Amino acid sequence: MNNQLFIANVFGLHYKDVRVLAPFVGGAFGSGLRPQYQLFLCVMAALHLKSHVRVVLDRKQMFSFSHRPPAVQQMRFATDINGRLTALGHSTIAETSNFEDYTEPTSNWSHKLYPAPNTLFEHKVVPLDVYTPMDMRAPGGSTALHAIECTMDELAYKLKIDPLELRLLNYSDVNPSAGKPYTSKALRECYLEAAAKFGWDKRSAEPRSMQRGNKLVGYGMATGIWDAFQFPSRVQIMINSEGKMVVDNATTDIGTGTLTVMTQIAADELGLEMADVEFRYGDSKKPFSMFQGGSAITSSTGVAIVVAARSMRKKLLKKAAEMEGSPFRKAKEEDVVFSSGHIHLKNDPTVKISLKDIVAFNKGASIKTTKMGRPHMLKLRKYSLATHSASFVEVEVDRDLGTITLTRAVTAVAAGKIINPKTAKSQILGSMVWGISKALHEESIMDPQLGKYINANLGEYHIPVHADIGELEVIFADEKDSLINELGTKGVGEIGLVGMPAAISNAIYHATGKRIYKLPIHFDELI
């Protein structure tokens, strides 16, 4: 839908004359919020040639595609003698291009986590002769949390307080920046469960005090936070002549398991087997969906499915009540259960009617309903919405060579109801790997004279391989949220990323006694 509107506006077309088909999209993290130039080049050529056109970028061209904007952050945190924060200062200078204004929030994250009576937050944007930066996964959050959580770690050492204890000491059940309570916040449980699983209590407090053979061993931890977004989304549900459900929505699946999770939600709502549900997506002609971004699709399209399914239940029960001799004539919605493709009386499950028979009674015509799911702005205006996490990592640093190995990591996440633990865990594991990559591997290097990236290939732009990734574990804290939406869900994509770079940086300090602020951290800085 996002691409459809961009194309229509750029080329002066009516949006209904633009159709976007994207049933199979992989690895789209960070480029889903707005289309980049390859789409417009393709449309331009197709309109000019009046023919189908395919645009393919080679690997080198992808490096000028866009980038996460670098930022210089100045942190000034102060506490009293007991470790209570008394002041937060967070100033950021970030880049944009000379032809667009791009800004991602960075300095504001400090005050969402920690309370302090004295605060100063500044954000400055500098236009440079570079391409416009882009929303790469966890925009602003992963950049900010690295600085914030390394500063908290440094404070802990100066105060001679355990880094975990310092965070618990400054724990807040409300969003300090807004003065509003969170709809739910199980971050304390994340800290305690992840620390116990990791074995944080076995940590020796002094830097360079733990070793394994010729390797210096370091433990580090950090907090994560990410906004719990929900966007409007429209869903059509249809029960066909076979009594099976078809769900239509224009969303895409960028590798997050959207197809699986939406099918699961729909099946649960009408008591069907997943095999009896078809979720059709990836087509802008289908009912409206926002872009895949912000870890929001489950709480957006998923909620729309719930709203539409509830409407469908009412329609089906009404039809069942109209059938001759129907035992459901006086039944109300709370008197029935939808299960195994039937409507059952709750007080007598043997009294039932199949969805297939209801459609047959409707002269074989499919029964349809279309509903919009949307955030409850009035109800939620008194609350703040966020997911939270705690990441704990262990690193080994070779005493002579300075090489860094991440041996293991544990991340605990509080994200409301987890619809599908398997796909959710996969999301967090992928985010943890990206956090490792951000902290230790990925770096694009530009020639200041030519204005070109000089490592525009996967031979010199380093990303982690299997040997770089140690043992990773994911914990989901029990967090019930009856306020946030009909499903009680929050996104699980970006929350696994934001805390990892800081946790790794802090572990490297604990191992070596050297505080490295710039990412990625190279071995030569530790020799």
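**View 1. Lys286 and Asp248, a buried pair.** Both Lys286 and Asp248 are buried, where buried means under 20% relative accessible area, exposed means over 50%, and partly exposed is in between (1.4 Å probe, protein chains only). They form a salt bridge, with the closest N and O atoms 3.6 Å apart; a salt bridge here is a side-chain nitrogen of Lys or Arg within 4 Å of a carboxyl oxygen of Asp or Glu. Lys286 sits in the loop between β10 and α9 (297-322) and Asp248 in strand β9, so the pair ties together parts that are 38 residues apart in sequence. The helix and strand names are DSSP runs numbered from the N terminus: helices are H or I with at least four residues, strands are E with at least two.

This is a predicted model, in which local features need pLDDT of at least 70, side-chain atom pairs count only at pLDDT 80 or more, and totals for chains, interfaces and linings use all residues. Residues are numbered from 1 along each chain as its sequence is written, and side-chain values use heavy atoms, leaving out hydrogens and water.

**View 2. Asp276 and Lys244, a link between two loops.** Here's another salt bridge, with the closest N and O atoms of Asp276 and Lys244 3.9 Å apart. Asp276 lies in the loop between α8 (258-270) and β10 (277-280) and Lys244 in the loop between β8 (233-239) and β9 (245-248), so the pair ties together parts 32 residues apart in sequence. Asp276 is partly exposed, at 24% relative accessible area, and Lys244 is partly exposed too, at 32%.

View 3. The whole structure holds 21 salt bridges, and one of them joins Arg212 to Glu394, with the closest N and O atoms 3.3 Å apart. This pair links distant parts of the chain: Arg212 is in strand β6 (residues 211-212) and Glu394 in strand β15 (residues 386-398), 182 residues apart. Buried or exposed, what is Glu394? Glu394 counts as buried, at 3% relative accessibility, while Arg212 counts as partly exposed, at 41%. Follow the salt bridges onward and you get a network linking Arg212, Glu394, Glu396 and Arg408.

**View 4. Helix α5 crossing helix α14.** The axes of α5 (residues 141-159) and α14 (residues 500-512) come within 8 Å and cross at roughly 35 degrees. (Axes are lines fitted to C-alpha atoms, for helices over the stretch in contact, and angles run from 0 to 180 degrees between N-to-C directions.) On the α5 side, the contact is made by residues including Leu145, Cys150 and Tyr157, and on the α14 side by residues including Pro501, Ser505 and Tyr509; contact means heavy atoms within 4.5 Å.

**View 5. Ile504 in the largest nonpolar core.** A nonpolar core is a set of buried Ala, Val, Leu, Ile, Met, Phe, Trp, Tyr and Cys residues joined through side-chain atoms within 4.5 Å. Of the 79 residues in the largest one, Tyr191, Phe392 and Ile504 touch the most other members. Helix α5 gives the most to this core, with 8 residues. Leaving aside neighbours within four places in sequence, Ile504 is in contact with Val393, Leu406, Gly435, Ile436, Ala439 and Leu440. A second, separate core of 40 residues includes Ile237, Ile239, Leu355 and Val359.

**View 6. Lys332 in a loop.** Lys332 is found in the loop between α9 and β11 (336-339). Lys332 counts as exposed, at 52% relative accessibility.
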